[in-house]
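Subject: Handover of a structure and its findings

Dear colleague,

Please find the structure below, followed by an account of what was found in it. I would be grateful if you would read the two side by side.

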Amino acid sequence: MSEVYDIAIKVISQKGTCEAGHRVGDEWLIKGDEYKTPQGMCIFAFGSLFPCVEVLMYGGTFPWESNPDVTTVACPDAANPVAFELRRLRK
């Protein structure tokens, strides 16, 4: 089996009023192969992030990103967007 990486999630921008109360600087950590919404994170935001979390968790990359260990994803609330940085943590 291939290596499974931890993923750090950080709010890097927030506009309008986030109903979940997320603010720039909020952080969460997904350890290895945890498949649950991190405590305190909006489930709708996590639903948007999770496909990208899985890519990074299992060693994949995004060809449009300059850093293979990082990508940015927005929550689905287009009127009050929160942008999250996902970062693969190398062991």
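Please note that the model is a predicted one. The position of Lys 10 is in strand 1, which covers residues 6–14. Setting aside neighbours within four places in sequence, Lys 10 makes contact with Gly 25, Asp 26, Glu 27, Ala 83, Phe 84 and Glu 85. One of these, Glu 27, belongs to strand 2, while Ala 83 belongs to strand 4. Gly 21 is 11 residues from Lys 10 along the chain, and the C-alpha atoms of the two are 14 Å apart.

**Strand pairing**

The protein contains four strands and one helix, and their order along the sequence is β-β-α-β-β. Strand 1 pairs with strand 2 and also with strand 4, as follows.

- Strand 1 and strand 2 run antiparallel and are joined by four bridges. Within this pairing, Ile 30 of strand 2 stands opposite Ile 7.
- Strand 1 and strand 4, the latter formed by residues 82–89, are also antiparallel, with eight bridges between them. Here Ser 13 has Ala 83 in strand 4 as its bridge partner.

Strand 2 comprises residues 27–30 and has two faces: Trp 28 and Ile 30 make up the covered one, whereas Glu 27 and Leu 29 make up the uncovered one.

**The end of the chain**

Arg 90 is located in the segment after strand 4. In sequence, 83 residues separate Arg 90 from Ile 7, yet their C-alpha atoms are 9.2 Å apart in space. Apart from neighbours within four places in sequence, the contacts of Arg 90 are with Tyr 5 and Asp 69.

Thr 37 counts as partly exposed because its relative accessibility is 29%. Beyond its neighbours within four places in sequence, Thr 37 touches Cys 42, Ile 43 and Phe 46. The C-alpha atoms of Thr 37 and Gly 47 are separated by 8.4 Å, with the two residues 10 apart along the chain.

Is Phe 44 buried or exposed? Phe 44 lies in helix 1. Its relative accessibility is 62%, and because exposed means over 50%, Phe 44 counts as exposed.

**The protein as a whole**

How does the overall size relate to chain length? For 91 residues, a compact globule would have a radius of gyration near 12 Å; the value for this protein is 13 Å, which agrees. The C-alpha trace spans about 40 × 30 × 20 Å along its principal axes.

Of the 91 residues, 38% count as buried. The protein exposes about 5400 Å², and 53% of this area is supplied by carbon and sulfur atoms. As for contacts between residues at least 6 apart in sequence, 51% of them join residues at least 24 apart.

The charged side chains number 9 positive and 12 negative, and the centres of these two sets are 4 Å apart.

With kind regards

How values were computed:
Residues numbered from 1 in each chain as written. Predicted model: local features only at pLDDT ≥ 70, side-chain atom pairs only at ≥ 80, totals over all residues. Heavy atoms only, no water. Rg over C-alpha atoms; globule rule 2.2 N^0.38 Å. Buried < 20%, exposed > 50% of the residue type's maximum accessible area, 1.4 Å probe, protein only. Contact = heavy atoms within 4.5 Å. Areas by Shrake-Rupley, 256 points an atom, 1.4 Å probe, with all protein chains shown as cover. Lys, Arg positive; Asp, Glu negative; His and termini not counted. Charge placed at Lys NZ, Arg CZ, Asp CG, Glu CD. Pairing = 2+ DSSP bridges.
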